[in-house]
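Colleague: I would like to learn how to read a model of this kind feature by feature. Could you take me through the general idea each time, and then the case at hand?

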Amino acid sequence: MILEAIYNGNFYPSETVVPKSERYRNALKACEKIMDRLAERLTKEDYDLVEELQDQASIAQCEENECHFKVGFSAGLLVQREVMEQIKTMSNDS
């Protein structure tokens with residue numbers, strides 16, 4: 001049950017949920033190949049800079065994902081509240 005998992009500290013969607021799409025897997029493979037090619041062509045200093053860029057982009061993406069999650073979750077709660085208000089209004093009209 002989700003409430004038990006949250007209460008017990010066993011709910012980590014940002015760490016355990018991984019996209020299963022073929023597009024996602026292909027993108028990861030392409031990134032790996034590009035990084036391998038860059039490692040062959042760039043100096044160590046330049047490659048380290050590319051890795052730092054990748055790390056910072058990953059941090060930015062995680063922050064963006066968190067914002068999207070918050071907005072989506074909030075929107076879901078607002079929809080649920082609106083549905084409950086509609087049900088209450090329909091019940092009062094009857």
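**Reading the chain, feature by feature**

Modeller: Let us begin with burial, where a residue counts as buried when its relative accessible area is under 20%; in this predicted model, buried residues make up 3% of the 94 residues in the chain.

Colleague: Which secondary structure elements does the chain have, and in what pattern do they follow one another?

Modeller: There are four helices and zero strands in the chain, so that reading along the sequence gives the pattern α-α-α-α. The radius of gyration is 22 Å, well over the 12 Å that the globule rule gives for 94 residues, and the chain is therefore more spread out than a compact globule. Along the principal axes, the C-alpha trace spans about 75 × 30 × 25 Å.

Colleague: And confidence: which helix has the lowest mean pLDDT, and which the highest?

Modeller: Since pLDDT expresses the predictor's confidence in each residue on a scale from 0 to 100, one can look at the chain and then at its elements. The chain averages a pLDDT of 94, with 100% of the residues scoring at least 70. Among the elements, helix α2 (residues 13-16) has the lowest mean, 85, whereas helix α3 (residues 22-41) has the highest, 98.

Colleague: Turning to charged side chains, how many salt bridges does a search of the whole structure find?

Modeller: The idea is to look for a side-chain nitrogen of Lys or Arg within 4 Å of a carboxyl oxygen of Asp or Glu, and a search of the whole structure finds four such salt bridges. One of them joins Lys44 to Asp48, with the closest N and O atoms 3.1 Å apart. Because these residues are four apart in helix α4, about one helical turn separates Lys44 and Asp48.

Colleague: Is Lys44 buried or exposed?

Modeller: Lys44 is exposed, its relative accessible area being 57%, a value over the 50% cut-off, while Asp48, at 33%, counts as partly exposed.

Colleague: Where do Glu66 and Lys70 lie, and what is the distance between the closest N and O atoms in their salt bridge?

Modeller: Both Glu66 and Lys70 lie in helix α4, four residues apart, about one turn of the helix, and the closest N and O atoms of their salt bridge are 3.1 Å apart. Glu66 is partly exposed at 37% relative accessible area, and Lys70 is partly exposed at 47%. Helix α4 also holds Glu85 and Arg81, four residues apart, whose side chains meet in a salt bridge at 3.9 Å, N to O. Of this pair, Glu85 is partly exposed, with 43% relative accessible area, and Arg81 is exposed, with 52%.

Colleague: Which residues make the nonpolar surface patch?

Modeller: For a patch of this kind, one joins nonpolar side chains within 5 Å whose residues have over 30% relative accessible area. Here, Met1, Ile2, Leu3, Ile6 and Phe11 make a nonpolar surface patch of about 550 Å². Ile2 belongs to helix α1 (residues 2-7) and, at 45% relative accessibility, counts as partly exposed.

How values were computed: Residues are numbered from 1 along each chain as its sequence is written. This is a predicted model: local features need pLDDT of at least 70, side-chain atom pairs count only at pLDDT 80 or more; totals for chains, interfaces and linings use all residues. Side-chain values use heavy atoms; hydrogens and water are left out. Patches are made of residues with over 30% relative accessible area and no salt bridge: like charges are joined within 9 Å, nonpolar side chains (Val, Leu, Ile, Met, Phe, Trp, Tyr) within 5 Å. Accessible areas come from the Shrake-Rupley method with a 1.4 Å probe; for residues, only the protein chains shown count as cover. Helices (H or I, at least four residues) and strands (E, at least two) are DSSP runs, numbered from the N terminus. Buried means under 20% relative accessible area, exposed over 50%, partly exposed in between (1.4 Å probe, protein chains only). The radius of gyration is taken over C-alpha atoms; the globule rule is 2.2 Å times the number of residues to the power 0.38.
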